[in-house]
Protein chains: 2
Amino acid sequence: MQIVILAGGVGGSKFALGVRHAYPAADLTVIGNTADDITMHGLRICPDLDTIMYALGAGGDPVRGWGRRDESWRVMEELGAYGVEPSWFALGDRDIGTHLVRTQMLTAGYPLSEVTAALCTRWLADKQLRLLPMSDDRVETHVTIADPNTPGQLRAVHFQEYWVRLHAQPDALAITLVGIETAAPAPGVLEAIEHADLILVAPSNPVVSIGPILAVPGLREALQRTPAPVVGFAGILGGSPVLGMAHRLLPAIGVEVDAAAVGLHYGARSAGGVLDAWAMDTADHASIEQVEQGGLRAVVTDLIMRDVQSTAAFVRYAIKSATS
Amino acid sequence: MQIVILAGGVGGSKFALGVRHAYPAADLTVIGNTADDITMHGLRICPDLDTIMYALGAGGDPVRGWGRRDESWRVMEELGAYGVEPSWFALGDRDIGTHLVRTQMLTAGYPLSEVTAALCTRWLADKQLRLLPMSDDRVETHVTIADPNTPGQLRAVHFQEYWVRLHAQPDALAITLVGIETAAPAPGVLEAIEHADLILVAPSNPVVSIGPILAVPGLREALQRTPAPVVGFAGILGGSPVLGMAHRLLPAIGVEVDAAAVGLHYGARSAGGVLDAWAMDTADHASIEQVEQGGLRAVVTDLIMRDVQSTAAFVRYAIKSATS
């Protein structure tokens with residue numbers, strides 16, 4: 001079985017681990033968001049791709065949910081001692097090894113998809129696992145906020161600055177995906193969607209993780225065309241995100257902080273959207289009718305990703321319900 | 001008092017520490033060799049400048065003689081785990097902090113001298129110490145060896161490859177300072193020499209440390225012109241180098257592995273060279289006459305750099321003898 005997952009970072013990697021546990025014999029292709037990518041201290045960092053790669057390769061920190069297991073922070077301490085900014089983005093020593101290899105290869109002219117494949121020969125060898133960036137082209141999520149220094153003025157900051165430095169505290173007034181119009185799907189992305197037996201949309205941030213993937217020109221059309229069923233999973237449970245701060249970003253795209261609203265935002269393939277079924281938590285069972293009125297098959301189950309087993313259990317249940 | 005030291009890395013930094021101990025009230029300018037500099041994994045590394053900077057800033061490893069005190073090697077372990085080459089050049093985690101800042105600044109367009117000054121605000125603050133690269137222009141020492149793979153063919157390798165990877169085992173057939181003809185002295189270098197009260201040539205490698213500094217166009221002339229006395233120190237004691245592998249390189253420039261031969265290779269200012277006096281170890285007292293016939297004042301003392309006190313003692317003695 002060929003399974004394709006569209007995923008962001010922390011939530012997406014937990015979800016992917018659950019899917020692998022649920023379908024150990026399947027070939028798994030994860031299409032990762034790259035609109036969070038950033039260059040820091042001359043290093044090209046792909047937070048979502050790395051989180052997924054480390055998690056699937058058993059090199060990730062299971063508690064923190066991102067970065068490397070058994071990490072240290074010596075290089076960053078040095079940058080701090082030199083007074084070099086930005087100091088708000090945590091860069092672990094082991095993680096920096098990855099960024100050095102990536103930066104070096106990108107500088108040498110390799111596209112991100114080839115760099116990712118090269119890095120994954122270490123992490124995803126012989127595991128029926130494949131990680132693809134959504135695009136080789138640079139796409140960057142900017143968040144428009146009120147400028148704290150100049151009342152009445154707006155200011156756009158990189159998503160990482162909004163998320164990590166500002167802890168998503170200022171209201172997100174608009175989300176701009178810089179470069180998205182001219183981005184092409186990375187090699188293999190459309191083919192994976194076309195030949196999949198099943199496509200899963202992870203319970204990642206709908207605005208800054210799944211949003212950019214779906215916005216890559218051609219990707220939405222491929223999802224609409226594929227013969228595979230497309231099942232989405234809500235990351236909003238009972239009106240609040242389980243992980244992250246999606247509730248700070250959904251208002252910027254005019255979507256309610258509500259599982260059904262997100263499902264209907266993705267939309268039914270029968271109505272020009274990208275999903276066939278939408279899995280919500282039992283906390284949202286009251287929304288079943290609303291979701292089904294939008295043309296989606298609603299699946300309700302316990303969506304808390306407590307551990308890989310519980311995630312695998314809800315994935316299995318949702319897929320069975322959605323495709324029966 | 002304004003003292004200028006021409007220096008390489010490990011030996012040069014030990015020597016500079018001794019000079020500072022001997023003349024704590026003096027303003028010390030160290031002109032460091034940059035022909036050993038290399039780019040590894042996208043990081044610009046200046047081994048000699050860093051060794052001096054760390055040593056004078058009390059951040060160096062006193063046992064190893066290079067790199068940072070209390071160093072770790074996590075990033076390098078990662079590069080190894082990715083199978084990335086070259087793996088023969090040791091890059092410590094704390095050291096990488098320095099290289100990231102330097103690479104970032106150089107990429108942004110700052111010349112090496114300004115980058116070095118910026119790094120030194122951390123290490124040499126308020127210490128009457130100044131570290132200048134010999135040049136802002138890229139100069140690279142290449143060593144010609146017999147190609148181990150193709151008998152009868154020659155091959156040029158970067159000095160670091162010859163020194164670190166090949167442990168100076170192949171015979172050095174020629175030394176080429178790529179870029180030296182068009183290199184200019186870094187800002188402040190000629191001025192420091194011109195306004196010095198005393199100039200010291202450290203007992204560093206005459207071929208690949210002091211050699212490149214003296215070969216920067218204009219530098220030799222500045223040394224010949226300065227009113228300050230110029231005192232050189234032999235790194236060859238009793239026919240062998242105390243530190244490093246100068247004996248593997250001197251043959252390539254046709255100089256005997258002998259203290260007097262090195263002194264005469266630098267030459268007396270009165271005879272077109274750069275020195276007034278030449279300090280040799282007591283092991284070489286038999287060479288006094290030979291050195292003085294070359295126009296140099298010979299000073300003989302115990303030149304072993306056991307610790308900062310013993311180095312300070314021989315520096316004081318040599319300077320007193322040379323300038324009395």
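Predicted model: local features only at pLDDT ≥ 70, side-chain atom pairs only at ≥ 80, totals over all residues.
1. Overall build of chain A. The secondary structure here comes to 13 helices and 14 strands. For 324 residues, a compact globule would have a radius of gyration near 20 Å, and chain A has 19 Å, so the two agree.

2. Packing and surface of chain A. Buried residues account for 57% of the 324 residues. Looking at contacts with a separation of 6 or more, 67% are between residues 24 or more positions apart.

3. How the two copies relate. Turn chain B by 180°, with a shift of 0.0 Å along the axis, and it can be laid on chain A with an RMSD of 0.0 Å. The copies are therefore related as by a two-fold rotation axis. Both use the same surface, since 100% of the contact residues of chain B recur in chain A. As for which residue of chain B comes closest to the rotation axis, that is Asp93(B), with its C-alpha at 3.5 Å.

4. A look at Gln160(A). This residue is found in helix α6 of chain A, which covers residues 159-165. Is Gln160(A) buried or exposed? Its relative accessible area is 4%, under the 20% cut-off, so Gln160(A) is buried. Leaving aside residues up to four places away in sequence, Gln160(A) touches Asp36(A), Ile38(A), Pro47(A), Trp88(A), Phe89(A) and Arg165(A). With Asp36(A) there is also a polar contact to check: the backbone oxygen of Asp36(A) lies 2.9 Å from a polar atom of the Gln160(A) side chain. Ala196(A), 36 residues from Gln160(A) in sequence, is 32 Å away in space, C-alpha to C-alpha.

5. Helix α1 of chain B. This helix spans residues 10-22, so to speak 13 residues, and reaches 19 Å from its first C-alpha to its last, close to the 18 Å expected at 1.5 Å a residue. The buried residues in α1(B) are Gly11(B), Gly12(B), Ser13(B), Phe15(B), Ala16(B), Gly18(B), Val19(B) and Ala22(B). What covers them? Among the elements of chain B that do are strands β1 (2-7), β2 (27-32), β9 (198-201) and β10 (230-233), along with helices α2 (47-56) and α13 (308-323).

Conventions:
Residues numbered from 1 in each chain as written. Chains lettered and ligands numbered in written order. Heavy atoms only, no water. Helix = DSSP H or I, 4+ residues; strand = E, 2+ residues; numbered from the N terminus. Buried < 20%, exposed > 50% of the residue type's maximum accessible area, 1.4 Å probe, protein only. Contact = heavy atoms within 4.5 Å. Polar contact = N/O pair within 3.5 Å; in protein donor to acceptor, adjacent residues only side chain to side chain. Least-squares fit on C-alpha atoms with pLDDT ≥ 70 in both. Expected span 1.5 Å × (residues − 1). Rg over C-alpha atoms; globule rule 2.2 N^0.38 Å.
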